[in-house]
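Here is a brief report on a protein model.

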Amino acid sequence: QVQLVESGGGLVQPGGSLRLSCAASGRIFSIYDMGWYRQAPGKQRELVGTITSGSRTNYQDSVKGRFTISRDNAKNTAYLQMNSLKPEDTAVYYCHAAITTMSGGPYDYWGQGTQVTVSS
């Protein structure tokens, strides 16, 4: 069984920073693209950005220049560094990964979500 566990959310003032982590565990053969999504109250889940296994990244326009996605393949972990946070970044942030296991794949896996609140 594969699990994605996020950590690092919390309350931060506007202009502040947070770093989210997403650790994959279980019977993993390989991890392809990983990504971060977010869902604000009353809104649909939206893509924040993605990172390939070769660390090529892609971002939503609203976070370009402020957010950085990275990964440590040896640790099966992805990170989301968020700087210059704004109140409109407030949301539950979810990690996603496309993972191949001994049973095949790649299959889509999601973390449980971590709350990020930007408020003074």
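## Sheet and local features

An open sheet is built from 4 strands in the order S1-S3-S8-S7, with antiparallel pairing. Strands S1 (3-7) and S7 (67-72) stand at the edges with a single partner strand each, so one side of each lacks a neighbour in the sheet. Strands are DSSP runs (E, at least two residues), numbered from the N terminus. Two of them pair if DSSP finds at least two bridges between them.

This is a predicted model: local features need pLDDT of at least 70, side-chain atom pairs count only at pLDDT 80 or more, and totals for chains, interfaces and linings use all residues. Residues are numbered from 1 along each chain as its sequence is written, and side-chain values use heavy atoms, without hydrogens and water.

S7 and S8 (residues 77-82) run antiparallel, joined by 6 bridges. Ile69 stands opposite Leu80 in S8. The loop between S7 and S8 holds Asn76.

Two arginines sit over tyrosine rings. The criterion is CZ of Arg (or NZ of Lys) within 6 Å of the ring centre and within 35 degrees of the ring normal.

| Charge | Ring | Distance to ring centre |
|---|---|---|
| Arg19 | Tyr79 | 4.0 Å |
| Arg45 | Tyr94 | 3.8 Å |

Most residues other than glycine have a negative phi, and most peptide bonds are trans. Ser55 has a positive phi of about 70 degrees. Asn76 also has a positive phi, near 55 degrees. Ser55 lies in the loop between S5 (46-51) and S6 (57-59). Ser55 is partly exposed at 40% relative accessibility, and Asn76 is partly exposed at 26%. Buried means under 20%, exposed over 50%, partly exposed in between (1.4 Å probe, protein chains only).

A cis peptide bond joins Gly105 and Pro106, with omega about 10 degrees. Pro106 lies in strand S10 (residues 104-110).
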